[in-house]
Amino acid sequence: MPRSPSNDPTPDQFIEIGRVLRPWGLLGDLRIQVLTDFPERFQQPNRLYIQGASYVIEGSRPHKGALLLKLKGIDSLEAAEGLRGALFQIPEAEAHPLPKGTFFQYQVVGLRVVTEKGEDLGEVVEVLSTGGNDVYVTQGPQGQVMVPAIEDVVKAVDLEKGVITVEALPGLL
């Protein structure tokens, strides 16, 4: 059964690594979308969190571009249906270290974006994963600006100051 002991991390200490797409079969399996570069997180006997409750993985297997996952305590279609759309999370402390110059999406959302000339483009409100590179969606004085997260555009990310500095290449603004 799912449990949520008092020593579990608080909700603001979690990183999203997957999303329940829908139930699969009658025995509680889940079809999930993997949102991490480390899909081994979904191998047994790892522990994941959904809606604040912890679950132990009993098994997983790839299936047509997604992953089928079996969790301990989710043993029926009805139980699995109750998790549709839910996010799989892990404690931030268990996250794999990222290479220098790369960031988790949650670290980028909320940062101010300014050009090298000091022009304020607003705040990152969303990160779109396009396959080739991420795109930072900013909302600010110029409305919505889509900033490709590539070296030619993103010149510096300062998490401590909460600022991303970009070069305004032609067509960006």
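**Notebook: salt bridges, rings and strands**

I began with Lys70, which is buried at a relative accessible area of 16%. Buried is under 20% relative accessible area, exposed is over 50%, and partly exposed lies in between (1.4 Å probe, protein chains only). The model is predicted: local features need pLDDT of at least 70, side-chain atom pairs count only at pLDDT 80 or more, and totals for chains, interfaces and linings use all residues. Residues are numbered from 1 along each chain as its sequence is written, and side-chain values use heavy atoms, with hydrogens and water left out.

**Entry: salt bridges**

I looked up the partner of Lys70. Asp75 forms a salt bridge with Lys70, with the closest N and O atoms 2.9 Å apart. My rule was a side-chain nitrogen of Lys or Arg within 4 Å of a carboxyl oxygen of Asp or Glu. Asp75 is partly exposed at 48%. The rule gives 5 salt bridges.

Another one of them joins Arg61 and Asp29, at 3.9 Å from N to O. This pair links distant parts of the chain: Arg61 sits in strand 4 (residues 53-63) and Asp29 in strand 2, 32 residues apart. I took strands (E, at least two residues) as DSSP runs, numbered from the N terminus. Arg61 is partly exposed at 42%, whereas Asp29 is buried at 15%.

I also noted Lys155 with Glu167, closest N and O atoms 3.5 Å apart. Lys155 lies in strand 11 and Glu167 in the segment after strand 12, 12 residues apart. Lys155 is partly exposed at 38%. Glu167 is partly exposed at 28%.

**Entry: Arg41**

Arg41 is in the loop between strand 2 and strand 3. I listed its contacts (heavy atoms within 4.5 Å). Leaving aside neighbours within four places in sequence, Arg41 touches Ile17, Asn46, Leu48, Ile57, Ile90, Glu94, Ala95 and His96.

**Entry: aromatic pairs**

I searched the whole structure and got 3 aromatic pairs. Rings of Phe, Tyr and Trp (its six-membered ring) pair if their centres lie within 6.5 Å; planes under 30 degrees apart are stacked, over 60 edge-to-face, the rest tilted. Phe42 and Phe88 have ring centres 5.8 Å apart and planes at 85°, so I logged the pair as edge-to-face. Phe42 is in the loop between strand 2 and strand 3 (47-50), Phe88 in strand 6 (residues 87-91), 46 residues apart. Phe42 is buried at 1%. Phe88 is buried at 0%.

Phe104 and Tyr106 are stacked: 5.8 Å centre to centre, with 25° between the planes. Tyr106 is partly exposed at 35%.

**Entry: strands**

I counted strands as paired if DSSP finds at least two bridges between them. In the order 1-2-5-4-3-6, 6 strands close into a barrel with antiparallel pairing. Strand 2 (residues 29-34) and strand 5 (residues 66-71) are joined by 3 bridges. Arg31 stands opposite Leu68 in strand 5.

I then turned to strand 12 (residues 163-166). Its covered face holds Ile164 and Val166, its uncovered one Val163 and Thr165. Strand 7 (residues 112-115) pairs with strand 12 in the parallel sense over 4 bridges, and Thr115 stands opposite Val166. Strand 11 (residues 154-158) pairs with strand 12 in the antiparallel sense, also over 4 bridges. There, Asp158 stands opposite Val163. In the hairpin of strands 11 and 12, with 4 residues between the strands, Gly162 takes a positive phi near 75°.
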